[in-house]
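Here is a short briefing to read alongside the structure. Keep the sequence and the 3D view open as you go.

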Amino acid sequence: MQITCSFDGGNIQFIGASSPDDIRLEIRNDSNSDFYQWFFFRVSGAKEMNCGFKIMNAGGASYPEGWRDYRVCVSYDRKTWFRVPTTFDGEVLAIAHQPREDSAYYAYFPPYSMERHADLIAQCVPFDHCALEVLGATLDGQDMDLLVIGDAGEKAPSKADGRKICWVIARQHPGETQAEWWMEGFLRRLLEKSDPISRALLQRAVFYVVPNMNPDGGKRGNLRTNAAGANLNREWDAPTMEKSPEVYLVKKRIAETGCDFFLDVHGDEAIPYNF
């Protein structure tokens with residue numbers, strides 16, 4: 001059996017094991033931070049074994065109430081996710097599962113990878129009323145993608161022409177992956193020309209959409225912070241390129257466009273049935 005997290009969004013640390021049903025793990029802290037709760041790892045070579053994974057430091061996580069009535073997410077193909085029995089005694093999060101395949105992925109929530117983010121951007125830009133702007137780079141050198149969506153036939157609206165300016169951002173906290181899953185559905189509907197509600201909205205408004213505010217945190221397997229350990233949700237008062245370039249770049253662009261409506265999409269560990 002092997003346990004790994006050396007992939008986009010991965011996070012776990014192997015502590016020890018006495019048997020397949022007593023595998024002890026810990027969640028790594030966010031980069032340069034004391035936050036932690038997001039985990040994502042793969043188990044290989046454990047097909048048909050009765051496995052017991054124990055996350056030993058769950059009680060000290062950033063939001064331990066999130067473990068109440070929680071069940072871990074599991075996938076064999078990284079597309080279809082299901083939940084398996086999980087218990088929390090106040091200190092240890094225990095996961096019981098018998099994998100049916102030689103490779104099984106376990107995650108806090110179904111992950112939203114940077115590869116899927118790239119696919120989402122690629123699917124949006126061919127629409128004639130959608131334009132891509134790269135606002136700049138993150139601390140890890142990743143692009144900060146902004147989609148500008150205007151009326152039909154308008155590739156890159158430079159002003160509102162009386163229409164409202166609507167900013168929609170998601171996933172300041174990278175471990176709240178459901179925020180970008182929401183964004184995927186939002187963009188698909190907004191770009192659908194046959195949808196009467198979308199058509200009506202785009203006649204009255206221009207949308208500036210940042211599907212992923214924290215690419216570095218997502219790729220590093222962080223819960224709440226970027227590469228510098230900054231909680232972007234708390235950086236809007238005085239962001240800097242050295243600590244929080246993601247917020248700095250978006251705030252700078254908002255100052256140029258103006259803003260009539262602003263929506264910041266998050267997830268919530270305590271709300272059941274996120275997926």
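Glu-26 counts as partly exposed, because its relative accessibility is 29%. This is a predicted model.

- Glu-26 belongs to strand S3, which covers residues 22-26.
- Asn-11 sits 15 residues from Glu-26 along the chain, and their C-alpha atoms are 9.0 Å apart.
- Beyond its neighbours within four places in sequence, Glu-26 touches Ile-12, Gln-13, Ile-15, Met-56 and Asn-57.

**Two loop residues with positive phi**

- Glu-48 is not a glycine, yet its phi is positive, about 65 degrees.
- Glu-48 lies in the loop that links strand S4 (40-44) to strand S5 (51-55).
- Glu-48 is partly exposed, because its relative accessibility is 45%.
- Arg-78 is not a glycine either, and its phi is positive at about 65 degrees.
- The loop that holds Arg-78 runs between strand S6 (72-75) and strand S7 (82-84).
- Arg-78 counts as exposed, because its relative accessibility of 56% is over the 50% cut-off.

**The five-stranded sheet**

- An open sheet is built from 5 strands in the order S11-S12-S14-S13-S15, with mixed pairing.
- Its edges are strand S11 (130-137) and strand S15 (261-265), each of which pairs on one side only.
- From one strand to the next, the twist averages 20 degrees.
- S11 and strand S12 (residues 143-149) run antiparallel and are joined by 6 bridges.
- Leu-132 has Leu-147 in S12 as its bridge partner.

**Helices across the sheet**

- Helix H1 (residues 114-124) lies across S11 and S12, at about 30 degrees to S12.
- Helix H5 (residues 245-257) lies across S11, S12, strand S13 (164-170), strand S14 (205-210) and S15.
- The angle between H5 and S11 is about 130 degrees.
- Does the length of H5 agree or disagree with the 18 Å that its 13 residues should span at 1.5 Å a residue? The two agree, because the end C-alpha atoms of H5 are 18 Å apart.
- Which residues of H5 are buried? They are Pro-245, Glu-246, Val-247, Leu-249, Val-250, Arg-253, Ile-254 and Thr-257.
- In an α-helix, residues three or four places apart point the same way, because there are 3.6 residues a turn.
- The buried residues of H5 pack against S11, S12, S13, S14 and S15, and also against helix H4 (215-220).
- Gly-258 follows H5, and its phi is positive, near 80 degrees.

**A buried glutamate**

- Glu-184 is part of helix H2, which covers residues 178-190.
- Is Glu-184 buried or exposed? Glu-184 is buried, because its relative accessible area of 6% is under the 20% cut-off.
- The side chains of Glu-184 and Tyr-112 make a polar contact at 2.5 Å.
- Leaving out neighbours within four places in sequence, Glu-184 is in contact with Tyr-112, Arg-116 and Leu-120.

Technical notes
Residues numbered from 1 in each chain as written. Predicted model: local features only at pLDDT ≥ 70, side-chain atom pairs only at ≥ 80, totals over all residues. Heavy atoms only, no water. Helix = DSSP H or I, 4+ residues; strand = E, 2+ residues; numbered from the N terminus. Buried < 20%, exposed > 50% of the residue type's maximum accessible area, 1.4 Å probe, protein only. Contact = heavy atoms within 4.5 Å. Pairing = 2+ DSSP bridges. Axes fitted to C-alpha atoms, helices over the stretch in contact; angles between N-to-C directions. Expected span 1.5 Å × (residues − 1). Polar contact = N/O pair within 3.5 Å; in protein donor to acceptor, adjacent residues only side chain to side chain.
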